[in-house]
Each structure stands twice: as structure tokens, then as C-alpha cells.
Amino acid sequence: MAGAFRSMTVIVSNETDTELFFLDKGAKHGIWVDAFPVAPFIPGGSAMRPGEGAWRTESDGFLTGTDAWAKYRMEDGATHFIMGWDSPAKGDPGAGYYLEGPKAEQYEVINICSAEGNATCRYILREKAAALPTTDASE
């Protein structure tokens, strides 16, 4: 990361029982860092089994930021997990995600990002907890 004006380290915790299969990645601004030293997983590799992976994008040019995304398919073949992040040259970094497909409602994502120019963003993907049965208090 030496010399990058802005960067975003992305950490994904897959706390589900399903594998995630890489589909695509891109960057509107900045570059993907292929040799991030502590990354056990970089998009484009094999499936992300339950566990944790990380990668980084960073600015590439004078006073620029990084704006990138990654898309994964779940084992059912039709549910997708899409993450996007932005660490602009001016302003606060941010990140978002969405789940789409027939089983999207079965999952939830916790998304936490730091608020500095060289930021870290964590996505935690997990199954939603089953709703507890309700009881009538008047009985």
C-alpha cells in the first residue's frame, strides 16, 4: 500500500454454511492490489468457504480515491452477494451491499467501516435467526 493516497481494505466473514463463488469484480477508480500480504483470499480465486477472506483496492494517480465492487454467487446458483466500497479523494469512505435472488431473505449482512481515508470495511454474512414463536400474554 506504500504511497497510495487512499485505500480500502475489505474483510469478508462468511458465517454461513454455504460457499461463495466469485463471479466478477471491478473498479470505477483505483486498482486492485493483487499481492496484499495478509489476504487469505483475493477475488478471482476459488470458492470462499465459510471463514474469512480479505483484499484491498487503492488509489492510482494524483489525488484520486478508490471505488470498487465484487460479486459472488451462493451455492444455490441463483442468490448473489454484491459488495461495493468507496474511499474518495475528498470526503468520508463508505460501503454498501445487497443480496438478490430466491434465497436472499434467508441471509443478513452486517457492514462496518472505519472513517479514515485509508479505511477498512468488514462485511459479515450470516443466516438470519429464526423468528421466535409468539405467545398470547392473556392466556
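**Salt bridges and surface patches, with reasons**

Guide: Welcome! A search of the whole structure turns up three salt bridges. The model is predicted, so local features need pLDDT of at least 70 and side-chain atom pairs count only at pLDDT 80 or more, while totals for chains, interfaces and linings use all residues. Residues are numbered from 1 along each chain as its sequence is written, and side-chain values use heavy atoms, with hydrogens and water left out.

Visitor: What makes glutamate 100 and lysine 71 a salt bridge?

Guide: The term asks for a side-chain nitrogen of Lys or Arg within 4 Å of a carboxyl oxygen of Asp or Glu. For glutamate 100 and lysine 71 the closest N and O atoms are 3.8 Å apart, so the pair qualifies. Glutamate 100 sits in strand S7 and lysine 71 in strand S5, 29 residues apart, and the pair links distant parts of the chain.

Visitor: Why are glutamate 100 and lysine 71 called partly exposed?

Guide: Buried means under 20% relative accessible area, exposed means over 50%, and partly exposed is in between (1.4 Å probe, protein chains only). Glutamate 100 has 30% and lysine 71 has 25%, so both fall in the partly exposed range.

Visitor: How do you know that arginine 126 forms a salt bridge with glutamate 108?

Guide: Their closest N and O atoms are 2.7 Å apart, which is within the limit. Arginine 126 belongs to strand S9 and glutamate 108 to strand S8, so this pair ties together parts 18 residues apart in sequence. Arginine 126 is partly exposed at 31%, as is glutamate 108 at 27%.

Visitor: What about the side chains of glutamate 105 and lysine 128?

Guide: They meet in a salt bridge at 3.6 Å, N to O. Glutamate 105 is in the loop between S7 and strand S8 (107–113), and lysine 128 is in the segment after strand S9 (118–127), 23 residues away. Glutamate 105 counts as exposed because its 64% is over 50%, whereas lysine 128, at 40%, counts as partly exposed.

Visitor: How many helices and strands are there in the protein chain?

Guide: Zero helices and nine strands. These are DSSP runs numbered from the N terminus: helices are H or I with at least four residues, strands E with at least two.

Visitor: What makes the nonpolar surface patch?

Guide: Phe5, Phe62 and Leu63 make this patch of about 340 Å². Patch residues have over 30% relative accessible area and no salt bridge; nonpolar side chains (Val, Leu, Ile, Met, Phe, Trp, Tyr) are joined within 5 Å and like charges within 9 Å. Phenylalanine 62 has 73% and leucine 63 has 47%, so these two values pass the area cut-off. Leucine 63 also has a positive phi, near 50 degrees. Most residues other than glycine have a negative phi.

Visitor: Why does aspartate 17 count as exposed?

Guide: Its relative accessibility is 69%, which is over 50%.

Visitor: Where is confidence lowest and highest in the protein chain?

Guide: Strand S4 (residues 51–58) has the lowest, at a mean of 84, and strand S7 (residues 94–100) the highest, at 95. The score, pLDDT, is the predictor's confidence in each residue, from 0 to 100. The chain averages 83, and 79% of its residues score at least 70. Where pLDDT is low, the predicted coordinates should not be read in detail.

Methods
Areas by Shrake-Rupley, 256 points an atom, 1.4 Å probe, with all protein chains shown as cover.
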